[in-house]
Each structure stands twice: as structure tokens, then as C-alpha cells.
Amino acid sequence: MRKRAMLFMGMFASVTLLSGCVFQGEQSLEDMDTPPEEVSEQAGENAEQNVSSDENAENTNQEKQEVVVSETVDRQLYLLDENGMVVPQTLPLPEAESNEVAQQVLEYLVKGGPVTEVLPSGFQAVLPAGTEVNGLNLKDDGTLVVDVSKEFTGYRAEDELKILQSLTYTLTQFDSVNKIKLQINGYETDVMPVNSTPISDGYSRANGINIHVGDVADLTKSESVTVYYPAQHDDQYYYVPVTKRIDASEDNMYEAIVQSLVEGPDYQLNLLNVFNQDVKLMDKPSYEDGVLTLTFNENVLSNFEDQSILSTKVMDSLVLSLTEQPGIEAVSVKVENFDQVFSEEGSVIAEPVSRPQMVNTSSF
């Protein structure tokens, strides 16, 4: 590859030199009358300058190539994990013009497309191979109309909701997009093409992701929330959003979400419960200026008998789940009978923890 690049740059330099000679001949006739001795000396000087210019050009081109390679932007794509769950993954994509970013992330959702080079282990793209994005149209109300090619219809019925959720959550990461509608080869459709899921009113995050009803007895007395449970592939952990029904009211919503995390996911979901047994809230959660404060008993700690360490997975699950609620920007965790709580890295957790801009990055 390096030899090929050097050959290309050498050819480029040669073309540049030839262009320079033609330009110089047109600009100056005095060089034609230069005595032979001076011509010889100048030719030697010009040769040295040309070699130096070639080397500089090569170095410059190499630097430009390195800069191009490094010009990436983190984007969040909703992909499928090995359990068939729709999961956000933050990946470095080539920098694109602002009016092309939405189309770019859609192209990175296509199986066999450019995402293949950056797919994390255990994950796959969600849109059928060969799907093309014909166009995008953002309405004044925040509805993004997505026009796709007929190849989009080549999916299994059981994957229909996963595709809808992946499209919706990937595109609504942009502030201007509230929901999506679909066209196939320019024709509007009120239902999805394979399993007829209704989409005439558009599809938004309010419709949920990885929807799981669970064992709630009375749906009329329950609320739909999205919580995050950890999952593991090889030695890598990541967080999976699950929309579920919980027994809750406006007065005890935060307690109900915490209790849902403490009890852990249903066994069918193949997700992890990272809370110890007998974890309890000791006080009612308090809210002030966007910060929700939780006070637990000592069972919330990794090993409360020896050290006051709060598991990273416990903290992350709490922050991601609770900041899904309107108005909550950060979560503060306190533990009864402990003046200080430490992270797994050994630092004091003294300040409220905010939700990260993107989920499942190397830093979260």
C-alpha cells in the first residue's frame, strides 16, 4: 500500500513539474538566451530544488492522508446484539457535511455496508442488505420522512419492530428529529411492508425499544418506562435499553424504577442483574434543580464489610435509567452510615453523575 501511494505521489509530482515547465516557458523568453554555462549551473540547482520539492510533496501528501484518516466523528448507531436486542453503540464514522449526517448513519445500518469495517464483536447491522436511502425530508414538526429502496422490504416478520426501533432511535439522536415516517421508492406507506405494523402517524421513542411486558398484573395501573440493564459479550460489558411496564404512579415513579433495577431483568432477556440482594432505598428520592438524590442501605456497595465501593455497573444502570425521566439531568447516590463512597477506580463519588451524551462508548 505504501509503495502504491509513493508511486501515485511520484506521478503526481511529475505532472506538477511538467506543468511548471510549460508555465515557465510561456512566462519567460529570457531563459532561451541564457549562456550554456549558466544553463548547466541552473539545471543542477533546479534538479536539487525539484528533488527537494518531491520529498516535501511526498511528506505533505502523507500528512494529508494521515489527517483524512483521523477525521472521524462519534455517532450512535442502534445495532443488534447476539441476543437480538436493539442496542446503542457509539462508533467513529467519517466526518460528513451537516446535511448528510442523517443519510450517513442510515447507510451504516445496512447489512454488508460500510459499518462492516467498524462493527463491534457480537453485533450486526439491522437493515436488509442492498437497502439504499433515496432521500430524506424533514418536516417543520420534526417528522423525518425516510425514502428507501425496495430492498428494504427483504426482512423477516420477527425483525420488523427491531428495524423500526433501530431507525427511530438512530435518527432521533439528532435534536431536530422527533419521529420518522417511511416511504418506499417514493410511495408513502401507512404500515410496515412485511408484518403490517402501523406507522401512519410516525414512529417515535415514545413507542419504546426492546419492549417487554413482563408480569405486571394490571396494565391500567402501570407505567411504561425505559430502563438499562447490563449485558456481556466475551469480556466486554454494554447497556441494553428495555421498555417495560412497572407498577408505578406519579408519586412513586423513581422508587419503582430503582426497584425494577434491583430486582433485575426477567430471565428470558438474558441480561445481567448487578445489584446485591436486599438493596433498599432508605429515604424517598429527593429532586432539586435537575438532580435526583438516592440514599441506599449499605447492601448497594460491592463489599460493604471491607470497603465503600459502588460498582460502576450499578451506578451506570441507575444514571441511564433515571435520566430517561423528564427533568432529571444527574443522579447523586448516598449510602447510609458512609460519609464517602468510592468508585471502582478508587476516586470519591462526591458529585452527581450526569448522563453521557452517547451510550456504550469506551469511557462509559
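Arg75 stands opposite Leu91 in strand 2. The strands here are DSSP runs of E with at least two residues, and helices are runs of H or I with at least four, both numbered from the N terminus. Strand 1 (residues 72-80) and strand 2 (residues 86-94) run antiparallel and are joined by 9 bridges. Two strands count as paired if DSSP finds at least two bridges between them. The hairpin of strand 1 and strand 2 has 5 residues between the strands. In this hairpin, Gly84 takes a positive phi near 80°. In a regular strand, side chains alternate between the two faces of the sheet.

The model is predicted, so local features need pLDDT of at least 70 and side-chain atom pairs pLDDT 80 or more, while totals for chains, interfaces and linings use all residues. Residues are numbered from 1 along each chain as its sequence is written, and side-chain values use heavy atoms, with hydrogens and water left out.

The chain contains 6 helices and 13 strands. Of its 364 residues, 41% count as buried. Buried means under 20% relative accessible area, exposed means over 50%, and partly exposed lies in between (1.4 Å probe, protein chains only). The chain exposes about 21000 Å², of which carbon and sulfur atoms supply 47%. Areas were computed by the Shrake-Rupley method with a 1.4 Å probe; for residues, only the protein chains shown count as cover. Contacts (heavy atoms within 4.5 Å) were also computed. Among those between residues at least 6 apart in sequence, 61% join residues at least 24 apart.

The structure holds 5 salt bridges. Each is a side-chain nitrogen of Lys or Arg within 4 Å of a carboxyl oxygen of Asp or Glu. One of them links Glu255 and Lys284, with the closest N and O atoms 2.9 Å apart. Glu255 lies in helix 5 (residues 253-263) and Lys284 in the loop between helix 5 and strand 10 (286-288), so the pair ties together parts 29 residues apart in sequence. Glu255 is partly exposed at 22% relative accessibility. Lys284 is exposed, at 56%.

Another salt bridge joins Glu324 to Arg355, the closest N and O atoms being 3.1 Å apart. Glu324 sits in the loop between helix 6 (312-322) and strand 12 (330-335), and Arg355 in the segment after strand 13 (353-354); the pair therefore ties together parts 31 residues apart in sequence. Both residues are partly exposed, Glu324 at 31% and Arg355 at 27%. Salt bridges that share partners also join Arg156, Glu158, Asp159 and Lys162 into one network. Within it, the side chains of Glu158 and Arg156 meet at 3.4 Å, N to O.
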